[in-house]
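Me: I should like to understand the reasoning behind the terms used for this protein. Please set each value against its definition before drawing a conclusion.

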Amino acid sequence: MDLVKKYDQKAAALSISQYDPPRCFELAGKRFAFVLDTGEETGDAVLNFSDETTVEWSIRGDGTLKADQYECRKGDDRTYLVTYCIAGKTPRENHTWIIDKEQMLVTFLRCSLGENPYYPYLIESHWGFGYIKEEGKPHTDLRRHGFTTDPVGTAVKWTYGHRLATVHIYYDAHWYRITYPRSAVSEKNGTAAAGSSFNEEMSEVMKSMPGSDEPCYYVKIKEGMYLVSVTEQNMEKILNGKIGFRSNTLCFLDNWNRMYSVGRGFGTSTWDGEEKPIFVMIGKYASPEEADEHFFTDPNPYRV
């Protein structure tokens with residue numbers, strides 16, 4: 001029996017979630033109180049993990065607990081990525097938390113649709129940074145997770161599945177670019193080679209764009225660990241749903257000490273005119289990739 005042939009199609013159908021690690025249930029039964037004192041999203045916050053799938057939460061000192069279904073993945077032994085979408089909320093909204101028990105710090109990312117009257121599917125990102133409250137113990141450390149330029153100058157191949165890989169170019173403090181591994185690009189015309197339908201499709205998309213540049217946030221969590229969040233805003237503005245994906249935002253908790261990452265994707269698809277929510281968990285592995293110098297030096301076509 002050839003197991004590769006037997007399972008190839010089934011695994012490939014998982015697309016960007018093929019290497020998503022198993023769910024983490026370690027937070028079930030635990031309650032966290034946060035002080036978000038830095039950034040745009042400030043105020044007291046609570047996450048109460050009532051069981052393995054449900055979290056009760058409040059933000060900005062509201063105090064009223066709401067319940068939603070959550071996903072949890074680990075970036076390392078003591079750092080957790082927790083994410084959920086608010087059920088029944090229109091326009092849709094996603095909350096993602098990085099709970100850093102090693103330093104007793106927290107990062108909050110709120111992503112919402114519907115803020116831009118010209119592009120209703122466009123997703124905006126709002127950030128808050130703070131610490132985990134401990135009963136009877138004041139938090140005296142003034143350091144917080146925060147925005148950084150550390151990843152700038154990096155080109156890395158991220159592998160999401162046995163057929164799916166892309167190259168990220170972190171060339172600017174607020175932007176990134178995406179391309180394909182050289183092994184997956186046809187020498188004849190520079191497009192994605194056969195064998196990866198996703199790469200072929202995205203290659204065609206890129207031809208109709210001035211550039212693959214999209215806004216990006218880099219947040220340092222600790223030495224060797226960064227939260228990277230990218231949002232397909234220019235693709236939404238220019239293509240306006242021509243490929244069915246609408247301004248998806250992806251955030252990744254990248255562990256450079258081990259060269260792997262966990263993350264989530266949030267957005268909307270409108271394939272065949274039918275609107276469907278996107279909320280997917282992601283795993284990926286890093287490896288070195290040589291990138292032509294122009295990826296780091298080409299001007300950004302979306303800013304003056």
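Reply: A salt bridge is a side-chain nitrogen of Lys or Arg within 4 Å of a carboxyl oxygen of Asp or Glu. By this criterion the structure, which is a predicted model, holds 22 salt bridges.

Me: Why is the pair Asp8 and Arg163 called a salt bridge?

Reply: The closest N and O atoms of Asp8 and Arg163 are 2.2 Å apart. The cut-off is 4 Å, so the pair qualifies as a salt bridge. The two residues belong to distant parts of the chain, 155 residues apart: Asp8 is in helix α1, and Arg163 is in the loop between β10 and β11.

Me: What makes Asp8 count as buried, and what makes Arg163 partly exposed?

Reply: Buried means under 20% relative accessible area, exposed means over 50%, and partly exposed lies in between. Asp8 has 18% relative accessibility and therefore counts as buried. Arg163 has a relative accessible area of 34%, so the term partly exposed applies.

Me: How do you know that Asp100 and Lys222 form a salt bridge?

Reply: Their closest N and O atoms are 3.5 Å apart, and the limit is 4 Å. The pair therefore meets the definition.

Me: Are Asp100 and Lys222 buried or exposed?

Reply: Asp100 has a relative accessible area of 0%, and Lys222 has 9% relative accessibility. Both values are under 20%, so both residues are buried.

Me: Why are Cys111 and Cys251 not called a disulfide?

Reply: A disulfide requires two cysteine sulfur atoms within 2.5 Å. For Cys111, the nearest cysteine sulfur is that of Cys251, 6.7 Å away, so Cys111 is in no disulfide. Likewise, the nearest cysteine sulfur to Cys251 is that of Cys111, and Cys251 is in no disulfide. A search of the whole structure finds zero disulfides. Cys111 is buried at 0% relative accessibility, and Cys251 is also buried, with a relative accessible area of 0%.

Me: What is the pLDDT over residues 186–196?

Reply: The pLDDT stays under 50 over residues 186–196, whereas the protein chain averages 93. On the scale from 0 to 100, pLDDT is the predictor's confidence in each residue. Where pLDDT is low, the predicted coordinates should not be read in detail.

Notes
Residues are numbered from 1 along each chain as its sequence is written. This is a predicted model: local features need pLDDT of at least 70, side-chain atom pairs count only at pLDDT 80 or more; totals for chains, interfaces and linings use all residues. Side-chain values use heavy atoms; hydrogens and water are left out. Contact means heavy atoms within 4.5 Å. Helices (H or I, at least four residues) and strands (E, at least two) are DSSP runs, numbered from the N terminus. Buried means under 20% relative accessible area, exposed over 50%, partly exposed in between (1.4 Å probe, protein chains only).
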